[in-house]
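I opened my notebook to record what I could look up in this structure.

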Amino acid sequence: MLNPKISIIIPVYNVEKYISQCLDSAINQSLKDIEIIIVDDCGSDKSMDIAQEYAKNDSRIKIIKNSQNMGLFLTRCEGIKSATGEYILNLDSDDFLDLKACEIAYNATKDGYYDIIKFNAYNYENGNTTIFDKILENDSFESLEEYANYMYRQKGYPRWNLAFILIKRDIYLKAFEILDLKCRITMAEDALMSFVLWNLSNKFRHISDILYYYRNNPDSSTKTKNKEIIARNSKDRIFVINKIKELSKKHKFNRKIAKVFIDNLKIHEYYDRLIYHQISKRVFKIYDKYFRFREKLRVKFGV
């Protein structure tokens with residue numbers, strides 16, 4: 001299909017238990033003008049055997065294979081580089097979409113006027129659903145400055161999960177050029193990419209529709225108690241914080257967006273340190289109170 005409206009990017013690594021549900025939700029979208037790019041990240045189970053069977057029956061499916069295991073972030077990037085769609089929708093291979101997700105999200109772009117469409121998601125566990133985070137209401141923002149001012153006055157961390165948005169492919173490709181990221185990171189990678197994507201965009205829209213089912217994975221690195229993984233997570237967060245500072249200075253990115261991202265990454269990083277006993281509970285409480293105070297000033301007074 002030449003220049004479809006949406007390219008759905010699906011990185012695949014050892015998800016044979018879930019991949020059929022994921023792919024069914026993609027191929028059965030009510031919007032048919034899509035392409036589905038599956039990126040094989042060199043797993044060891046039968047996930048790709050299942051994917052190959054789907055590809056035989058649907059010409060919209062394109063499969064590419066990494067030369068070695070690269071992890072979610074870089075694997076997703078490989079898929080996006082191969083995409084031809086006007087917009088990109090990221091779909092993790094253990095999650096699935098509402099069958100009208102592409103149609104609803106694309107219609108919200110108003111024929112390409114908006115750069116980014118953000119929608120809502122469900123947490124999905126054993127057939128049960130709960131709302132993922134706070135619900136986004138219908139809203140639109142006509143400039144980066146307007147969106148930054150909105151984000152700056154919101155309580156909590158910015159929703160930077162890349163699976164819950166529709167974004168123009170051209171903006172994604174510009175972000176790759178700016179990041180030029182070749183190292184593997186497994187924590188806060190969505191925050192880093194989102195930070196760049198937001199700063200390269202001008203027209204934003206939130207819709208209240210719940211279009212994504214996020215599978216609650218108890219083995220996720222965000223929930224691990226393994227001290228080595230926690231230490232690696234902390235190292236990745238520090239890398240992302242420093243990268244955001246570097247990019248902000250070099251490209252004169254929005255100061256308010258940078259502050260919101262950095263503050264939220266820092267408190268998570270201090271929590272990592274607490275978990276693997278690099279700081280005490282007393283020290284963590286001091287940092288926690290400090291960042292909560294900064295958040296109150298930001299939300300209430302805009303400073």
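Entry one: helix H10. I looked up Lys 285 and found that residue in helix H10, which covers residues 281-301. This is a predicted model, so I read every entry with that in mind. Is Lys 285 buried or exposed? Its relative accessibility is 56%, so Lys 285 counts as exposed. The cut-off for exposed is over 50%. Lys 285 also belongs to a patch of positive charge on the surface. I noted the other members as Lys 281, Arg 282 and Lys 289.

I stayed on this helix for one more residue. Tyr 290 lies in helix H10 too. I found Tyr 290 partly exposed, with a relative accessible area of 41%. Then I looked up a distance from Tyr 290 to Ile 267. Their C-alpha atoms are separated by 9.6 Å, and the two residues are 23 residues apart along the chain.

Entry two: the negative patch. Which residues form a negative surface patch? I wrote down Glu 137, Asp 139, Glu 145 and Glu 146. I checked Asp 139 and found that residue in strand S8. Asp 139 is partly exposed, at 36% relative accessible area.

I turned to Ser 7, which sits in strand S1, residues 6-12. Its relative accessibility is 0%, so Ser 7 counts as buried. The cut-off for buried is under 20%. What does Ser 7 touch, leaving out residues up to four places away in sequence? I listed Glu 35, Ala 83, Thr 84, Gly 85, Tyr 87, Ile 88 and Leu 89.

I looked up the buried residues of H1. They are Ile 19, Cys 22, Leu 23, Ser 25, Ala 26 and Ile 27. What covers them? The cover includes strands S1 and S2. It also includes helix H2 (47-57), strand S3 (61-65) and strand S5 (96-97).

Side chains of opposite charge can pair when their charged atoms come close. How many salt bridges are there? I noted a count of 16.

I looked at Asp 33 and Lys 5, which form one of them, with their closest N and O atoms 3.2 Å apart. Asp 33 lies in the loop between helix H1 (19-27) and strand S2 (34-40), and Lys 5 lies in the segment before S1, so the pair ties together parts that are 28 residues apart in sequence. Asp 33 is partly exposed, at 24% relative accessible area. Lys 5 counts as partly exposed too, at 28% relative accessibility.

I went on to Arg 60 and Asp 58. Their side chains meet in a salt bridge at 2.9 Å, N to O. Are Arg 60 and Asp 58 buried or exposed? Both are buried.

Next I checked Lys 203 and Glu 142, whose side chains meet in a salt bridge at 3.8 Å, N to O. Lys 203 lies in the loop between helix H7 (189-200) and strand S10 (204-215), and Glu 142 lies in the loop between strand S8 (139-141) and helix H5 (144-152), so the pair ties together parts that are 61 residues apart in sequence. I found Lys 203 partly exposed, at 22% relative accessibility. Glu 142 is partly exposed as well, with a relative accessible area of 32%.

The network links Arg 76, Asp 92 and Asp 190.

Note on methods: Residues are numbered from 1 along each chain as its sequence is written. This is a predicted model: local features need pLDDT of at least 70, side-chain atom pairs count only at pLDDT 80 or more; totals for chains, interfaces and linings use all residues. Side-chain values use heavy atoms; hydrogens and water are left out. Patches are made of residues with over 30% relative accessible area and no salt bridge: like charges are joined within 9 Å, nonpolar side chains (Val, Leu, Ile, Met, Phe, Trp, Tyr) within 5 Å. Accessible areas come from the Shrake-Rupley method with a 1.4 Å probe; for residues, only the protein chains shown count as cover. A salt bridge is a side-chain nitrogen of Lys or Arg within 4 Å of a carboxyl oxygen of Asp or Glu. Lys and Arg count as positive and Asp and Glu as negative; His and the chain ends are not counted. The place of a charge is taken as NZ of Lys, CZ of Arg, CG of Asp or CD of Glu. Helices (H or I, at least four residues) and strands (E, at least two) are DSSP runs, numbered from the N terminus. Buried means under 20% relative accessible area, exposed over 50%, partly exposed in between (1.4 Å probe, protein chains only). Contact means heavy atoms within 4.5 Å.
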